[in-house]
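Student: I would like to go through this model term by term. Please set each label against its definition.

Tutor: Fine. Let us look at it together.

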Amino acid sequence: MGRYIVNGSRPLSGEIVVQGAKNAVLPLFAAALLTEDPVVIEHCPDLSDVHNMGRILESLGADVTIGEGRAKIACRYPVSHEIPARLASELRSSIFLLGSVLGRMKEAKVAYPGGCDIGLRPIDLHLKALRELGVKITERHGYIYCDARKMHAAPVTLDYPSVGATENVMLLASVAEGETVLENAAREPEIVDLQNFINAMGGSISGAGSPTVRIRGGERLKGTEYQTMPDRIVAGTYLIACAMCTGELRLKRVNPAHLSSLIAKLSKSGCKIEGKGDTLTIKATERPKGFDLIDTQPYPGFPTDLQAQMTALASIAEGTTVIGENIFETRFKHVPELIKMGASIKVKDRIAVVKGVNHLTGAEVTAMDLRGGAALILAGLAAHGTTIVNEIRHVERGYEGIERVLRSAGADIIRI
Ligand code: UD1
């Protein structure tokens, strides 16, 4: 089970070294299947999502070890092309295993994916793109059966810049003979990390980070050692924590450019933020000001994965903030929990109107999803009194030792 007990109203200070990015490392694990050689992934965060992904790879025949900031994966002899339903239901990211399992084994059977319950999360864009690459797909009894024996390079245009669909196309097209040109690709930094990883394996991808990605496939991919990019959402969460609690934090091993939309908002709210090399320093001395409007968008717009944490911040900021959630349908499940702590928030469809209150008050609340759970911890850190956060398994999917990290920065938080 597990819960966090947070005693609030303490300023934060000190230095935090930011973990490797979960959303980058999961597609790298998938890409590791494309070679029979061992790959080593450094700065691999120790998270339940990462271990789940490791278990799925093991069920396909890979040897996987995760620990001490490193993952080693070697899939010399694949034994299965079926992604087990039980494991897939815990990890939505298992959907981009389709591209790599097909690339390596030419056939795949996968259950409909799971993950955070934050909306419908269909997979139509993935399946349409794979079909354009010559994959034959049939759906029966909750399973998707894919046959890639006739796969080929092709022009592919996504109807929407889905992160996972972009990754799936990059993974499969890396082994399909010829050049695939992917248009309307997602531009998230994690896409660039996947490109760099596949290129380090001997692949040939260019354009990641722009709407057009070119993948030249067919080269034999080999083993590599690679450093995962820093987790921009985790870094953003700690910046918001400092803005809410006041204090001064130095974040190490970040890429400030990945956080520019958040930094712009926090600067407007009164924080002083400076980025230098791979370090970000934030200083917050007073109650934050409201932001007028936050509108989540695909990168480089404001990330949906920081919306819940910003809702927590807006709930104690001066003035009123309007928050538009444009990526997922039901991503305001943290709102009723924040209201239990005294927040003043009204939600209609995909819009939340947050009227800042002077302070929140500790309460017993429940994490409903990963980022919403992080938002409740931040609310607890800033609140008067004691907050209990239940269902922390959601938070542990994405934050490595969040209570340990926050304690090192002066917070009063324990996990029981
Ligand atoms: C990834 C991230 C997640 C983040 C999201 C948006 C990982 C492991 N997860 O999720 O943390 O919140 O990007 O930045 O990297 N959609 C469809 N059909 C599809 C695919 C997606 O309609 O086939 C919709 C989704 O329901 C959603 C939107 O497109 O409304 C964005 O989804 P997508 O970009 O695919 O996000 P994920 O890759 O699932």
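**Labels and their grounds**

Tutor: In this predicted model, S3 (residues 39-42) and S5 (residues 70-74) are antiparallel partners, with four bridges between them. Within that pair, Val 40 sits opposite Lys 72 of S5.

Student: What makes S3 and S5 a pair?

Tutor: The bridge count. Two strands pair if DSSP finds at least two bridges. S3 and S5 have four bridges, so they meet the cut-off.

Student: How do you know that S4 and S5 pair too?

Tutor: By the same test. Five bridges join S4 (residues 63-67) to S5, and the two run antiparallel. The cut-off is at least two. Asp 63, for one, stands opposite Ala 74 in S5. The hairpin of S4 and S5 has two residues between the strands, and Glu 68 there takes a positive phi near 50°.

Student: What makes the phi of Arg 253 worth a note?

Tutor: Most residues other than glycine have a negative phi. Arg 253 is not a glycine, yet its phi is positive, about 60°. Arg 253 belongs to the loop between S15 (247-252) and H9 (260-268).

Student: And which peptide bond is cis?

Tutor: The bond from Tyr 299 to Pro 300, with omega near 10°. Most peptide bonds are trans. Pro 300 is in the loop between S18 (292-295) and H10 (307-314).

Student: Why are S10 and S12 called edge strands?

Tutor: Start with the order, S10-S11-S13-S12, in an open sheet of four strands with mixed pairing. S10 (155-157) and S12 (204-206) each have a single partner strand, so one side of each lacks a neighbour in the sheet. Neighbouring strands of this sheet are turned by 15° on average, direction ignored.

Student: What makes S12 and S13 partners?

Tutor: Three bridges, in the antiparallel sense, link S12 to S13 (residues 213-217). Two would be enough to count as a pair. Ile 205 has Ile 215 in S13 as its bridge partner.

Student: How do you know that H6 packs on the sheet?

Tutor: From its contacts, which need heavy atoms within 4.5 Å. H6 touches S10, S11 (178-183), S12 and S13, and its direction makes about 25° with that of S13.

Student: What makes a residue part of the shell around the ligand?

Tutor: 18 residues surround it, and the closest are Asp 124, Leu 125, Ser 162, Asp 305 and Ile 327. By class, the shell has seven nonpolar, six polar and five charged residues. H5 gives the most, with three residues.

Terms used
Residues are numbered from 1 along each chain as its sequence is written. This is a predicted model: local features need pLDDT of at least 70, side-chain atom pairs count only at pLDDT 80 or more; totals for chains, interfaces and linings use all residues. Side-chain values use heavy atoms; hydrogens and water are left out. A residue is near a molecule or strand if one of its heavy atoms lies within 4 Å of it. Ala, Val, Leu, Ile, Met, Phe, Trp, Tyr, Cys and Pro count as nonpolar, Asp, Glu, Lys and Arg as charged, and the others, Gly among them, as polar. Axes are lines fitted to C-alpha atoms, for helices over the stretch in contact, and angles run from 0 to 180 degrees between N-to-C directions.
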